[in-house]
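Please give a short tour of this structure for someone with a viewer open. Say what to select at each stop and what is found there.

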Amino acid sequence: MQRNDDRINEKLLSMNGNTYDLPQKDNSEQKFSSRCRLYVGNLVDVTEEEVQEMFKKYGEVNECFVNPEKMFAFVRLDYRANAERAKRELDGFMRKNKPLKVRFAPVGAAIKVKNLTQWVTNELLEYSFSIFGEIERAQVLVDDRGNSLKEGIVEFARKPIALLALRRCTEGCFFLTSSLRPVVVEPYDVIDDVDGFPEKSIVRKTADYLKARENGPRFASSGSFEFEYGTRWKQLHDLFKQKEEALKRELKVEEEKLEAQMEYARFEHETEMLREQLRQRELDRERQKIECEMKERQAEEQRRHDEEMMRRHADEISIRMYHQEDDLRRRQKENSQFILAQQLGNRIDLERNAGTSAANFTDAVIPNLPGEQKMFMERNNRFEGGRNDEQHPRGGRWGHGHPNHEDFPNKRRRY
């Protein structure tokens, strides 16, 4: 049952939308429908093969069910016309001293649909109830002018489908149009109005039959006993008609009242939905505004953070460049001092080799040097001079008076 309900819900979802352009219904007769099923009674000592052979000349046989104990069978032919011909020719046919009884079998898979609107057609009725299963016939009843009676008949292919539709429409509210008028479904027994009630179908051998058929058609005389009770029966029938018409008028007034209430309730419902949508939009707009403000604050904080990081990075670069420049200046200064000291050392060596006094050269050169270089040369000269006076009277540690002068050539001093 749950699986059937799920299948119905899936079909309803696929049908979601308007029903403006429904395809026109194919009015051609359906083959092997339930309207072509015959009931055959008074079958004595019969088999299924014999029944099929009996009906084979009238058309194609699709179904044949035989109950030998109860002496009846059900036969389904291909088309209604063939079934009518078989019924007409075999009904009353003598077989083994028993007249056959052939009738159209009742359609147990049919339902009657009430409380329809004037906009429901055969196509819409079939389209709507096709969610339950295969349909053989769906028809909206009309009056002699072709106007809808707001009732319809739906015949399904199988009885379980009809029971499912009956249950779902009874338990829930099934709408076919935009109107809030749900369909009202009830079981429907198809009436065989083709042959009616013939004389051969009546039971004759009863006292009631003899009593009823004792007098024939007649008009009652005015003021007679028959006329009095005949009039009462007519009055009772008129009372029934009056009450039925009054009930119909009352029901019509109640329907109009319910329609007005329904339209007002629909208007109120739509208005409330619009209000709810408006409130929801305002909430969404407020939420978007708060989100935008939060994003702006985050962007501003991120921008400030980036600026702070860039400033710190720039300060670090400036400090690093300052240290690099200071180190470069220091190295350049040391290199300059080293080069100058190297040049002075070379000149001193040249002067010594030429026999010039180092003291005279130093006195001549040092006063013209910058302050730090001058201090450096004076300190170096004092060191060299003191060593030379103590150890080498002929002019320094490595002067020409040293016994190993030739073994120690002049070398550059490295500072």
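Buried means under 20% relative accessible area, exposed means over 50%, and partly exposed lies in between.

**The whole chain**

Start with everything shown. This is a predicted model, and its pLDDT averages 83, with 84% of the residues scoring at least 70. Now select residues 383–415, where the pLDDT is below 50. Beyond near neighbours in sequence, that stretch has 31 contacts in the model.

Colour by secondary structure: the chain has 9 helices and 10 strands. Of its 415 residues, 25% count as buried. The chain exposes about 31200 Å², and carbon and sulfur atoms supply 52% of that area. Among contacts with a separation of 6 or more, 65% are between residues 24 or more positions apart.

**Salt bridges across the chain**

The structure holds 35 salt bridges. Select Glu 50 and Arg 95, whose closest N and O atoms are 3.1 Å apart in one of these bridges. Glu 50 is in helix α2 (residues 48–55) and Arg 95 in strand β4, so the pair links distant parts of the chain, 45 residues apart. Arg 95 is buried at 12% relative accessible area, whereas Glu 50 is partly exposed at 36%.

Next select Lys 112 and Glu 151. They form a salt bridge with the closest N and O atoms 3.4 Å apart. Lys 112 lies in strand β7 and Glu 151 in strand β9 (residues 148–156), so the bridge ties together parts that are 39 residues apart in sequence. Is Glu 151 buried or partly exposed? Its relative accessibility is 23%, so Glu 151 counts as partly exposed. Lys 112, at 18%, is buried because its value is under 20%.

Then select Asp 5, Arg 167, Arg 168 and Glu 171, which are linked in a network of salt bridges.

**Helix α7**

Select residues 225–353, which make up helix α7. Within this helix, pick Arg 232 and Glu 228, which are 4 residues apart, about one turn of the helix. They form a salt bridge, with the closest N and O atoms 3.4 Å apart. Both ends are partly exposed: Arg 232 at 44% and Glu 228 at 39%.

Phe 225 is exposed, with a relative accessible area of 60%.

**Loops**

Move to the loop between β4 (94–95) and β5 (98–99), where Lys 96 is found. Lys 96 has a positive phi of about 55 degrees although it is not a glycine. Asn 97 is in the loop between β4 and β5 too, and its phi is about 65 degrees, again positive in a residue that is not a glycine. Asn 97 counts as exposed at 74% relative accessibility.

Another loop runs between β6 (101–104) and β7 (110–114); select Pro 106 there. Pro 106 is exposed at 62%. Its C-alpha atom is separated by 8.4 Å from that of Arg 35, 71 residues away along the chain.

**Cysteines**

Finish with the cysteines. How many disulfides are there? The count comes to 0. Select Cys 169: its closest cysteine sulfur, in Cys 173, is 9.9 Å away, which is too far for a bond. Cys 169 is buried at 6% relative accessibility, while Cys 292 is partly exposed at 44%.

Technical notes:
Residues numbered from 1 in each chain as written. Predicted model: local features only at pLDDT ≥ 70, side-chain atom pairs only at ≥ 80, totals over all residues. Heavy atoms only, no water. pLDDT = per-residue confidence, 0-100. Contact = heavy atoms within 4.5 Å. Helix = DSSP H or I, 4+ residues; strand = E, 2+ residues; numbered from the N terminus. Buried < 20%, exposed > 50% of the residue type's maximum accessible area, 1.4 Å probe, protein only. Disulfide = S-S within 2.5 Å. Areas by Shrake-Rupley, 256 points an atom, 1.4 Å probe, with all protein chains shown as cover. Salt bridge = Lys/Arg side-chain N within 4 Å of Asp/Glu carboxyl O.
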